[in-house]
Structure formats: C-alpha cells, structure tokens
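Reader: Hey, I'm new to this one. Can you walk me through it?

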Amino acid sequence: MKTGYVFDESFFWHDNGTGTLYLPSGGYLEPDVFVEHPATKRRVNNLLYKSGLMDQLQILKPERATKERIETVHKQNYVDYVKQLSDTTGGDAGDHAIVGKGSYEIALLSTGAAMKAVDAVMNNEVKNAYSLSRPPGHHAEPEMGIGFCIFNNIAIAAKYAQEKYGLKRVFILDWDVHHGNGTEKIFYEDDTVTFVSIHQHLSFPNNTGYADHVGSGKGEGYNINIPLPAGTGDAGYIAAFESIIAPIVRDFKPELILISAGQDPGMFDPLGRMNMTAKGFGEITKIMLQLADEVCDSRIVFVHEGGYSNAYVPFCTLRIIEEMSGIYTDVEDPFTGSQAPDVLNIVQKEAIDQVIKIQSKHWSCFNEPSLK
Ligand code: ZN
C-alpha cells in the first residue's frame, strides 16, 4: 500500500492579505507578505513533484466538512461569524486568525482533508496519510480562531474517527513549535483522547502550555505538555520522544495516532527558536511510525499545521513523507551543517525530567524500575 497525500489547490488560495510578519500592515508597518501564506505549503508540494516522490503517493481529494461536523468542536455562533466574515469584508475571527474572502469554504475543506486522511487510513486504502492543508487548526478554540487557525482540523478529525469507527482511544501528538492550546482545551476533560504537545516554552500563545497543566476531571493525566527551552535541537527532541512520548503511547495503547505536524521547530523558522533539522524530523517520524506499528496496526495520520520558512519547511516535510512511505529520494538537505552543535544539554534534560516527574502521578510507565 502507498502513503496517502491529501491536498487541494484551494488550500493555496486562502488569503490572509498583506501583513508585516503576523500583524496587519499599516502605520509604520510597511506592507509585506503575511507570514502564514501559500508559498511555504505550495513549495512542499513542488518539492514532492520535483523529487519524484509525489508520483509514488496515493493522491486523495478532500471534501468539505459539513457545518454540523465543525460544530462537534466549535460553537455555532463562531462558525456563523467566520462565514459572515468570509462572505463580506473578511477580517479577524479572534486573535490573529484572518478570514479572507471565501476562507470559510476553504477552512471547511481543510478540516475535510484531515477527515479524508482518517478515512483512508481506517479503511486500509493507504498505509498512512499526510494532509497538507491551509488554514491550519491546532490553536483554534471552540469559540474563537487563534494564530492563523480557523477550525481545529485535527480535533474535529479525532472526534469524527471516534464517532464513525467507534474508537475508544485516540492519541494526538502536536509537534508544532507553538503550544496546541486549542486541541488541549477541546480534550482537557476527556479521557478518550490523550493529547501531547511538545513545544517551545512560552512562545505562543504566551501563557499556555505549562507542564503542570495535566487535564481535569475525567481527563486528568490525559493532557501532557512538554515545554522545551528555546534552542532545543534534534537531540533534545529525540530524548523527549524516547523518554516521555513513547512510554505514554505504549501505556495508553491508542487505536489511532494523529500528528499535528507543524515544521516550525525547524532551525530557520521566523516564528520559532528551535534547532530541528530535516534529519531530526525524519527521526521523530520514524519513532512515531514504529509506535503505530506496535500499538495500532500502523494507523497514523499527519495533519499539517505551522511552519514558516519557505526555504526549509519543504525539506523537513519531504523527509517526513519519505519515512512514511519508505521511499527515499535523492534529495539531500542542502542546509546540513548549518545547525548549532547538537547535544542534549542540562537545561533540556531538566525540562524533560520535570515532565516525567509531573506525569509519573498519572502514568505507571514512569514508575517501573528501569530495565537498562
Ligand atoms: Zn506553529
């Protein structure tokens, strides 16, 4: 079976307008390109074609999610507000969540793309699937859009998978450099979805993502935040995956793994301060694929989130899809060697140990004596 790849030309037509980094232009902010714009993701597509990998993927066409489906997560008045903005003047649907002309329909399609990837994996049409869509979703909360995210694609897809396929346990990993506050909020009191966000500590949103935010009520222990210090590179990420994420996946035994794949921990990202390389993205992908093989018949879906380096996101995403498909192109990372010396330093180690200490109250895997 092939790896599924979901995309639609419409995703490159969602228009955030002119901007200066993430702000609307005006005053002393000379108009520039808004930081979340089509080129980064179009260039992912282009590199997949140029490398020849696209020809070996199973291309899947998404359909728009219904309004009712969006409302399994979002409040009706918010959904109506997005449609109204999209039909008229456009504008901000919350906190830096720009809706352009026609963005409502594109956002429905973006959610539908994540659902299509879930369907293809659950029905064994593909070995795994990657959804490359805009707008992204993981910051979007039930009542408002945040950080370029309009509808929370992965959260809606997780609930869809539970409803349609009767899944009892879904695992969501969010490796975008920014905290997955929206997904956290949606599942905070839910014990059927374990949510892990590994992110740069206090980057965005600027007061969420703390390690001691562990969920509440029935969901206590099912929310895991791994806030890492700025500058963490491949070594620190791999250590966190091996010592926190892998044991929790084995303990939780999900029936489906969903990944919020934001490639903004990449070393050149304008909105992140991490040092991940394309090779590192390949390594963490490999870890998650192996876990999916172990616990859930290889059922794993990747949903694109952030990533703002036009130059580097395509190389990181290509490496991820190479690992997923098991097909390795002759594309090498042209930026190899640009990274700072990459070792797990004491500050990163302490951040990881702190998460383990907090989560050991909830997960027995951290209390068993080491076999090493
Ligand atoms: Zn991000």
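Reader: First off, is His178 buried or exposed?

Author: His178 counts as buried, because its relative accessibility is 7% (buried means under 20% relative accessible area, exposed over 50%, partly exposed in between, with a 1.4 Å probe and protein chains only). Keep in mind that this is a predicted model, where local features need pLDDT of at least 70, side-chain atom pairs count only at pLDDT 80 or more, and totals for chains, interfaces and linings use all residues. Residues are numbered from 1 along each chain as its sequence is written, and side-chain values use heavy atoms, with hydrogens and water left out.

Reader: OK, and what coordinates the zinc ion?

Author: Asp176 (OD), Asp176 (OD), His178 (ND1) and Asp264 (OD) do, at 2.0 to 2.7 Å. Donors are N, O and S atoms within 2.8 Å of the metal (3.2 Å for Na, K and Ca); water is not among the atoms, so sites may look incomplete.

Reader: How are those donor residues spaced in sequence?

Author: The pattern is D-x1-H-x85-D. His178 and Asp264 link distant parts of the chain, 86 residues apart.

Reader: Is Asp264 buried or exposed?

Author: Asp264 counts as buried, at 0% relative accessibility.

Reader: Switching topic: what does Thr194 touch?

Author: Leaving out residues up to four places away in sequence, its contacts (heavy atoms within 4.5 Å) include Val170, Tyr222 and Trp363. Thr194 is also buried, with a relative accessible area of 0%.

Conventions
Helices (H or I, at least four residues) and strands (E, at least two) are DSSP runs, numbered from the N terminus.
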